[in-house]
Amino acid sequence: MSSDTDKIIIAIDGYSSTGKSTMARALASTIGYRYIDSGAMYRAVTLWAMRHGLIGADGSVDTEALAAALPAIKIDFAVRPDGSQLTTLNGEVVESAIRTLEVSAHVSPVAAIPAVRHALTRMQREMGATKGIVMDGRDIGTTVFPHAEMKVFCDASAEKRASRRLLELQAKGENVSYDEVLENVRSRDYIDEHREESPLRCAPDAVRLDNSDMTKDEQNAFLLSLFHNTIARLHANG
């Protein structure tokens with residue numbers, strides 16, 4: 001557990017399905033920080049766009065209509081008694097709805113829209129104004145909080161990530177194939193890396209973490225050690 005004087009911003013970026021949310025949530029719980037899943041915020045906007053017919057059958061997005069609707073899209077996180085969080089969209093809990101493969105198939109194009117990124121970046125910065133947060137996403141350490149005191153960039157092979165994602169989806173009852181999930185992972189990687197607005201990249205001062213062959217316990221231990229080392233370094237530097 002950290003003290004109030006140790007409050008920093010922890011940015012965990014990386015590719016889809018690298019377990020960023022799981023490890024960020026665990027770290028936040030251990031050190032007493034607030035966890036913010038920025039990816040869930042983009043998924044919520046995507047779900048809203050899907051529900052309102054702004055995503056065509058060919059995957060195209062009505063960017064002008066979505067940009068105009070952004071002020072009416074309210075995203076927050078409801079906290080359960082056990083400390084876990086549920087994503088809410090205009091007051092509705094949408095945690096399960098935003099985790100489907102259908103939403104996953106459309107989230108990267110939606111997230112590439114400049115107006116969407118600008119709106120959610122503002123929200124995220126407001127959430128981190130008092131520090132003491134762990135936020136995971138694609139551009140937290142490069143765009144949202146470029147001066148975050150602790151930055152981590154997560155990676156793993158596309159095949160390993162697809163296998164993990166497949167198990168998650170099957171556990172939720174979704175009937176999907178490994179090939180479908182692998183194609184989705186690779187497609188999202190390409191879009192995330194090549195979008196004009198805040199493309200996915202490792203910040204120069206981020207610690208790279210390839211967790212292809214790491215257990216969750218090993219990941220958690222790595223991050224907790226890095227956190228304590230970061231706090232010690234900040235104290236040493238005054």
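This is a predicted model: local features need pLDDT of at least 70, side-chain atom pairs count only at pLDDT 80 or more; totals for chains, interfaces and linings use all residues.

Asn90 sits between strand S4, residues 85-89, and strand S5, residues 92-93. What's the phi of Asn90, which is not a glycine? It's positive, about 50°. The relative accessible area of Asn90 is 40%, so we call this residue partly exposed.

There's another one like that. Ser198 isn't a glycine either, and its phi is positive, near 50°. You'll find Ser198 in the loop between helix H8, 178-194, and strand S8, 207-210. Buried or exposed, then, for Ser198? Buried: the relative accessibility of Ser198 is 13%, and the cut-off for buried is under 20%.

Staying with loops for a moment, have a look at Glu95, between S5 and H4. Glu95 comes out as buried, at 17% relative accessibility. Its side chain does a couple of things. It reaches the backbone nitrogen of Thr87 at 2.8 Å, and there's a polar contact of 2.8 Å between the side chains of Glu95 and Arg99. If you skip residues up to four places away in sequence, Glu95 touches Gln85, Leu86 and Thr87.

Right, on to helices. For a packed pair, the description is the angle between the two axes plus the distance between them.

First up, H4 and H8. H4 covers residues 101-111, and its axis comes within 8 Å of the H8 axis, with a crossing angle of roughly 15°. That's under the 35 degrees cut-off, so H4 and H8 are roughly parallel to each other. The crossing is left-handed. Who's touching whom? On the H4 side we have Leu101, Ser104, Ala105, Val107, Ser108 and Pro109, and they meet Glu180, Asn184, Arg188, Ile191 and Asp192 in H8. Sorted by class, the contact of H4 with H8 has five nonpolar, three polar and three charged residues.

The axes of H7 and H8 come within 9 Å, and they cross at roughly 125°. So H7 and H8 are oblique to each other, and the crossing is right-handed. H7 contributes Ala158, Glu159, Arg161, Ala162, Ser163, Arg165, Leu166 and Leu169, while H8 brings Tyr178, Val181, Leu182, Val185, Arg186 and Asp189. In the contact of H7 with H8, you get eight nonpolar, one polar and five charged residues.

Let me zoom in on two of those H7 residues. Arg161 is in H7, residues 158-171, and it's buried, with a relative accessible area of 3%. What does the side chain of Arg161 reach at 2.9 Å? The backbone oxygen of Ala156. Leaving out neighbours within four places in sequence, Arg161 is in contact with Tyr15, Ser16, Ser17, Thr18, Ala156, Val185 and Asp189.

With the neighbours within four places set aside, its contacts are Tyr178, Leu182 and Arg186. One more thing on Glu159: its C-alpha is 9.5 Å from the C-alpha of Ser212, and those two residues are 53 apart along the chain.

Last pair, I promise. Helix H1, residues 20-31, and helix H9, residues 216-236, have axes that come within 10 Å and cross at roughly 55°. That angle makes H1 oblique to H9, and this crossing is right-handed. Thr22, Met23, Ala26, Leu27, Thr30 and Ile31 in H1 meet Lys216, Gln219, Asn220, Leu223, Leu224 and Phe227 in H9. By class, that contact of H1 with H9 has seven nonpolar, four polar and one charged residues.

That's what I had, so let's open it up for discussion.

Note on methods
Residues are numbered from 1 along each chain as its sequence is written. Side-chain values use heavy atoms; hydrogens and water are left out. Helices (H or I, at least four residues) and strands (E, at least two) are DSSP runs, numbered from the N terminus. Buried means under 20% relative accessible area, exposed over 50%, partly exposed in between (1.4 Å probe, protein chains only). A polar contact is a pair of N or O atoms within 3.5 Å; within protein, one must be able to donate a hydrogen and the other to accept it, and residues adjacent in sequence count only if both atoms are side-chain atoms. Contact means heavy atoms within 4.5 Å. Axes are lines fitted to C-alpha atoms, for helices over the stretch in contact, and angles run from 0 to 180 degrees between N-to-C directions. Angles under 35 degrees count as roughly parallel, over 145 as roughly antiparallel, 65 to 115 as roughly perpendicular and the rest as oblique. A crossing is left-handed if the near helix is turned anticlockwise from the far one by less than a right angle, and right-handed if clockwise. Ala, Val, Leu, Ile, Met, Phe, Trp, Tyr, Cys and Pro count as nonpolar, Asp, Glu, Lys and Arg as charged, and the others, Gly among them, as polar.
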